[in-house]
Amino acid sequence: MKENSTKTELIRSVKFLFFSISAGVIQIGSFAFLYELLRLEEWVSHLIALILSVVWNFTLNRKFTFKSAANVPVAMLKVALFYVVFAPASSYLTALLTEESYHIMWNGYLVEFLMMVINFVTEYIYDRFFVFGKSLDTAK
């Protein structure tokens with residue numbers, strides 16, 4: 001890779017990190033609200049919080065990180081396909097690691113953080129190369 005493209009990718013990665021942190025704040029905040037105040041199950045709270053953070057993260061990253069002029073519904077459909085796999089898998093893992101019936105009983109916040117880290121890494125790769133790969137830096 002050229003030095004300029006390496007710098008561009010580093011900047012892109014840092015932007016993705018900061019927008020993901022903001023999405024993480026939304027996810028943890030909504031998880032806490034749903035789990036602590038509304039007393040929903042961990043996996044239900046996780047799923048709703050995940051959806052809220054995905055919409056936020058997609059909107060910011062499409063515009064500012066990947067600067068994509070790609071068709072928004074098509075790009076969102078691609079992201080939705082990622083979450084067709086990730087959401088049930090992470091919800092199942094959340095239930096597996098936190099519910100008493102599975103005898104593991106990890107802290108719900110620890111598991112939520114673990115799912116967020118896994119989501120961060122896998123979604124960056126997926127977005128960078130599949131969702132926005134051909135439309136990087138095409139927006140004005």
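**Exercise 1.** Classify Glu36 by its relative accessible area, and then describe its salt bridge and the partner in it.

*Solution.* Glu36 is partly exposed, with a relative accessible area of 34%, where buried means under 20%, exposed over 50% and partly exposed in between, for a 1.4 Å probe with protein chains only. The structure is a predicted model, in which local features need pLDDT of at least 70 and side-chain atom pairs count only at pLDDT 80 or more, while totals for chains, interfaces and linings use all residues. Residues are numbered from 1 along each chain as its sequence is written, and side-chain values use heavy atoms, with hydrogens and water left out. The side chain of Glu36 meets that of Arg39 in a salt bridge at 3.8 Å, N to O, the term standing for a side-chain nitrogen of Lys or Arg within 4 Å of a carboxyl oxygen of Asp or Glu. Arg39 counts as exposed, at 61% relative accessibility.

**Exercise 2.** Which residues are linked with Arg12 in a network of salt bridges, and how are the pairs with Glu9 and Asp137 placed?

*Solution.* By the same rule the count of salt bridges comes to four, and the network links Glu9, Arg12, Arg128 and Asp137. Begin with the pair of Glu9 and Arg12, whose side chains meet at 3.3 Å, N to O; both residues lie in helix α1, three residues apart, about one turn of the helix. Helices here are DSSP runs (H or I, at least four residues), numbered from the N terminus. An α-helix has 3.6 residues a turn, so residues three or four places apart point the same way. Next comes accessibility: Glu9 is buried at 16%, and Arg12 is buried at 4%. Arg12 also meets the side chain of Asp137 in a salt bridge of 3.1 Å, N to O. Because Asp137 lies in the segment after α4 and Arg12 in helix α1, this pair ties together parts that are 125 residues apart in sequence. Asp137 itself is partly exposed, with a relative accessible area of 41%.

**Exercise 3.** Is Phe31 buried or exposed, and which residues is it in contact with beyond its neighbours within four places in sequence?

*Solution.* Phe31 has its place in helix α1, residues 3–37, and at 1% relative accessibility it counts as buried. With those sequence neighbours left aside, its contacts (heavy atoms within 4.5 Å) include Glu42, Ser45, His46 and Ala49, as well as Gly108, Tyr109 and Glu112. Glu42, Ser45, His46 and Ala49 are among the buried residues of helix α2 (residues 42–65), and so is Leu50 listed there as buried. Phe31 and Leu50 are 19 residues apart in sequence and 8.4 Å apart in space, C-alpha to C-alpha.

Methods
Helix = DSSP H or I, 4+ residues; strand = E, 2+ residues; numbered from the N terminus.
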